[in-house]
Amino acid sequence: MAAEKLRDLSQPIDVGLLDATVSAFYGTGSKEERAAADLILRDLQNNPDMWLQVVHILQSTNNLNTKFFALQVLEGVIKYRWNALPVEQRDGMKNYISDVIVQLSSNEASFRSERLYVNKLNIILVQILKHDWPVKWRSFVPDLVSAAKTSETICENCMAILKLLSEEVFDFSRGEMTQLKIKELKQSLNSEFQLIHELCLYVLSVSQRTELMRATLSTLHAFLSWIPLGYIFESPLLETLLKFFPMPQYRNLALQCLTEVAALTFGDFYNAQYVKMYTIFMVQLQTILPTTTNIPEAYANGSGEEQAFIQNLALFFTSFYKSHIRVLETNPENVNALLMGLEYLISISYVDDTEVFKVCLDYWNSLVLELYEAHNNLDNPAATANMMGLQMPMIPGMVDGLGSQIMQRRQIYVSIMSKLRLLMICRMAKPEEVLIVEDENGNIVRETLKDNDVLVQYKIMRETLIYLAHLDHDDTEKQMLKKLSKQLSGEDWAWNNLNTLCWAIGSISGSMAEEQENRFLVMVIRDLLNLCEIIKGKDNKAVIASNIMYVVGQYPRFLRAHWKFLKTVVNKLFEFMHETHPGVQDMACDTFLKIVQKCKRKFVIVQVGESEPFVSELLTGLPTTVGDLEAHQIHTFYEAVGHMIQAESDPQKRDEYLHRLMSLPNQKWSEIIGQARQSVEVLKDQEVIRTVLNILQTNTSVASSLGTFFLTQISLIFLDMLNVYRMYSELVSSTIAEGGPFASKTSYVKLLRSVKRETLKLIETFLDKAEDQSHIGKQIVPPMLDPVLGDYARNLPDARESEVLSLFATIINKYKIEMIDDVPRIFEAVFQCTLVMITKNFEDYPEHRLKFFSLLRAIAAYCFPALIRLSSQQLKLVMDSIIWAFRHTERNIAETGLNLLLEMLKNFQVCYFFYL
């Protein structure tokens, strides 16, 4: 009954009843009560006449939530129906909102107590302005300025409205207004800004009210990035801002305004004003924040306001220098102030706050790049002149002068660049990280983090440090060795300090001349080994060892040139592979792989003083070397040895090395297959299944590094592997058929499916890495059509492996038109049954979706004639599936669908002209 009464809008709404409904919605009542209240409020909101009740509601209620509900209704009308309303209704609402705002903000008590309500009313007013101003409300700005002069609280609220208007027009307008309307509003704001400008300056010069002054500075901050420059530089505005900067209560707002001014770029016209502004600013800053202040410590112990000041200071310096650093370089007096500012920025860069550091790092990177490129382009004077901002024709004899200018400029920054090198060394980010994680099937896998913030930061820091090294190799070397000597003396010893230093040393690999790099690296390794002797404790030694391995792994040029050292390093890694301290074995295997990838040829030739290639010696001791490693570490080790074998050019030796490498897994495989021939039940044992999985993973690792040359090995196990695949597939199907969908979640079924997936992954990896030789495809593909494709078609949906789709996509991408005769078989096995799985909704079988369309795309790209030969019904099914794909809510599937459609249409077009 109450609901019907509320929904009847033919008479004034019962505000008491509405208050009760809103309270029920926001209250702590039962779920049913809130749902009922939500339904009523939605109905009211969707009623086109509800907005006519807004004034009545606002006048009658004291409930803030009810007021907000009414204003929400009004906001919807203003956004979508305002221009369709009669003029008198629009004017009536506009005048009512204005009157309420003035009434509430003219009184200090009501303005403070109703602040949330006033803020919402301000937003409503700005929404109206976006429609009516300037054409239908020309007097808005003069009216607002006049009202502001009547009372300080009204003035404070007028500033809030102006700020909102600026933000709406310049920051948030995209997508809500046409470009023409935005342009019109911007022009109106520009033409009428004189009144606003005068009001702001008047308030800042006369008022004693803190809240009003803060509101005015905040409004100015919103306007400064776009107002005509004369209002900034040809008025007392800059002086006023600098006057407020030393005052604690206005400091951050004044600094934000100065940062907006600092970021402006428009030629050289106001250079003198910029120099004056910077000079006064630096004098004031020394009073606020003396140069002796430990800024990182002050930041760590500071209040929120003080921390914001440091953040704003970083933004000010970086904005000013990006746009105007050249102006400060020209005069020796200004240079001193510039260097002092850069010293401040170096100190701020040590603050333990990621966002502050990112701001600083971004600027340091651009400055160092500019100095490096100018120095590096001395052979190309025109490019250098352009980079230095010299707009002049090049004349004979000028190049020498330009060179001396560049050297002078570099000279200015020598001390800063030296301090910057130390900063980069002390704060170097962690390089690419490899995590050892457990996958959904309980298997230990390696995962490389590629796109995290730390890696992005490492890349920028590495680039910056490389440029810094090129600018002065000797200072870079000196800074790093000095930092290392402090580790040795114990003055600076800490895990983090050593880690950042070693990451920094590793990051500049290749930036020095070979002779200098060799000498530098020998000293670094010597000191690190001494450190390992001096420092006690297993944890400490493990950290030092991992850093030694990281550093040597980053300098392959040195390793390639010094075989004995390379051999010593690799043997040391083999020792670490027996060390059970957490992380050491992973580090040893990772470093071994990295070194082999960069030096693989060195391991397959007989070195001076050796009787056989190192790879042969390694294979002899292989069982002992890997004896203490876990499965995922053994896979990394085997992948590394695969790279060595791949570098051997003699086919006979290569096959011999591969045979020796795979003897352990092959021996175990033969054992299991032999037992299975006696009794197939052996293969159902969980321990045996895990062993089979491990053997397949080892094969995949070697296939990934050996490529084509893995053919002899895969041929040995291929048919038996397909038989195991078929058997495990039938086992999975029967278990799911008996136990229902939940059976697919049991650890036993997951383990069986892991073997199936690894089989598919092994075949896909081999075919993908193998060179494009059709005989390999003919040897591998036909035997697996029934065990893999037939199995996919026969299986229950929950037991179908998505990897089958990606495997055949890889095969078609690899062997292209040669696969055309097999397309009907592939189509018949996977198309219809997969489509049934993925078109029920947009959520189930996500892996199958993407891989299905990747397969279809491969067929369309390389075997298009096979699609043409399909029956009209089948072809319609293909086109329907593509249409379904590009309507998908997942962006990557939608994009795949659209790309596929484009390729199909292009192919149809070619076929049409071909058959004409």
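Predicted model: local features only at pLDDT ≥ 70, side-chain atom pairs only at ≥ 80, totals over all residues.

Colleague: How many aromatic pairs does a search of the whole structure find?

Modeller: The search turns up 43 aromatic pairs. In one of them, the ring centres of Tyr274 and Phe320 are 5.9 Å apart and the planes sit at 75°, so the pair is edge-to-face. Tyr274 belongs to helix α17 (residues 271–288) and Phe320 to helix α19 (residues 304–329), so to speak a link between distant parts of the chain, 46 residues apart.

Colleague: Nice. Which residue lies over the face of Phe309?

Modeller: That's Arg251, at 5.7 Å from the ring centre. Likewise, Arg800 lies over the face of Tyr792, at 5.7 Å from that ring's centre.

Colleague: Changing topic: how many residues does helix α43 have?

Modeller: Helix α43 (residues 823–838) has 16 residues. From first C-alpha to last, α43 reaches 21 Å, close to the expected 22 Å.

Colleague: Where does α43 bend?

Modeller: At Val830, by about 30°. Val830 is also one of the buried residues of α43, which include Phe827, Phe831 and Leu835.

Colleague: What do those buried residues of α43 pack against?

Modeller: The buried residues of α43 pack against several helices, among them α41 (774–794), α42 (803–815) and α44 (846–862).

Terms used
Residues numbered from 1 in each chain as written. Heavy atoms only, no water. Phe/Tyr/Trp six-rings, centres within 6.5 Å; stacked < 30°, edge-to-face > 60°. Helix = DSSP H or I, 4+ residues; strand = E, 2+ residues; numbered from the N terminus. Lys NZ or Arg CZ within 6 Å of the ring centre and 35° of its normal. Expected span 1.5 Å × (residues − 1). Bend = angle between axes of the 7 residues up to and from the residue. Buried < 20%, exposed > 50% of the residue type's maximum accessible area, 1.4 Å probe, protein only. Contact = heavy atoms within 4.5 Å.
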